[in-house]
Amino acid sequence: MLEAHFTELLEGYEVDSNLIEELWSEIITNYTKSNRHYHNLEHLEDLINQLTQVKVKIDNWQVLLFTLFYHDIIYKSTKKDNEEKSARLASNRMRQINAKESDIQLCYNQIIATKSHDASRNSDTNYFTDADLSILGREQKEYKAYCQKIRKEYSIYPNFLY
């Protein structure tokens, strides 16, 4: 399902199929790294399922999809600049497909918003950050599984620091 959404998104920009495959491969490679227990393809699937439910309320679905696919593409639990690096990579990839500069900036801003999850003036950004944090309000079983996965991602830190 994720690949179909990604392919459809890029086909809207009349992108060569080889480039689509290359960019999809980059997403797969990053989101399936062995250190990813929560920030992985399952997380993206969850986000797309949630956001699809409110799609009619989203002003710029294409940009939101770019945000979704790239918001955690760079992720190292020991670093504090993951969002900035992810946003820059998203911007570069969007320029490769000749996206509008205003869309690139919006995507960049939405990814940066996932650093603090503060309320935004942009409703699409708020829908995205709410979806990104929605695990915190799930049933106890789901939340507990999330906590265990996040702890694995931060396993480099001893319990007293974590």
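Reader: Let's start with α2 and α4. Are they parallel, perpendicular or oblique to each other, and why?
Author: This is a predicted model, to begin with. α2 and α4 are oblique to each other, because their axes cross at roughly 45°. Angles under 35 degrees would count as roughly parallel, and 65 to 115 as roughly perpendicular.

Reader: Where are those two helices, and within what distance do the axes come?
Author: Helix α2 covers residues 17-31 and helix α4 covers residues 61-70. Their axes come within 10 Å.

Reader: Which residues make the contact?
Author: From α2, they are L23, W24, E26, I27 and Y31. From α4, they are L68, F69 and Y70.

Reader: How many of those are nonpolar, polar or charged?
Author: In the contact of α2 with α4, 7 are nonpolar and 1 is charged. None is polar.

Reader: OK, on to α4 and α6. At what angle do they cross?
Author: Roughly 45°. Helix α6 is residues 101-116, and its axis comes within 9 Å of the axis of α4. α4 and α6 are therefore oblique to each other.

Reader: Is that crossing left-handed or right-handed?
Author: α4 passes α6 in a right-handed crossing.

Reader: And what makes the contact there?
Author: α4 brings V63, L64, F66, T67 and Y70. α6 brings D103, L106, C107, Q110 and I111. The contact of α4 with α6 divides into 7 nonpolar residues, 2 polar and 1 charged.

Reader: Let's look at Q110. Is Q110 buried or exposed?
Author: Q110, in helix α6, counts as buried because its relative accessibility is 1%. The cut-off for buried is under 20%.

Reader: What does the side chain of Q110 make a polar contact with?
Author: The side chain of T125, at 3.5 Å.

Reader: Which other residues is Q110 in contact with?
Author: Leave aside neighbours within four places in sequence. Then Q110 is in contact with V63, L64, T67, N122 and D124, as well as T125.

Reader: New topic: V54. Where is its place?
Author: V54 is in the loop between α3 (41-53) and α4.

Reader: Why does V54 count as partly exposed?
Author: Because its relative accessibility is 22%.

Reader: Last one. What separation do the C-alpha atoms of V54 and T129 have?
Author: They are separated by 13 Å. Along the chain, V54 and T129 are 75 residues apart.

Methods
Residues numbered from 1 in each chain as written. Predicted model: local features only at pLDDT ≥ 70, side-chain atom pairs only at ≥ 80, totals over all residues. Heavy atoms only, no water. Axes fitted to C-alpha atoms, helices over the stretch in contact; angles between N-to-C directions. Helix = DSSP H or I, 4+ residues; strand = E, 2+ residues; numbered from the N terminus. Parallel < 35°, antiparallel > 145°, perpendicular 65-115°, else oblique. Contact = heavy atoms within 4.5 Å. Nonpolar A, V, L, I, M, F, W, Y, C, P; charged D, E, K, R; others polar. Buried < 20%, exposed > 50% of the residue type's maximum accessible area, 1.4 Å probe, protein only. Left-handed = near helix turned anticlockwise from the far one by under 90°. Polar contact = N/O pair within 3.5 Å; in protein donor to acceptor, adjacent residues only side chain to side chain.
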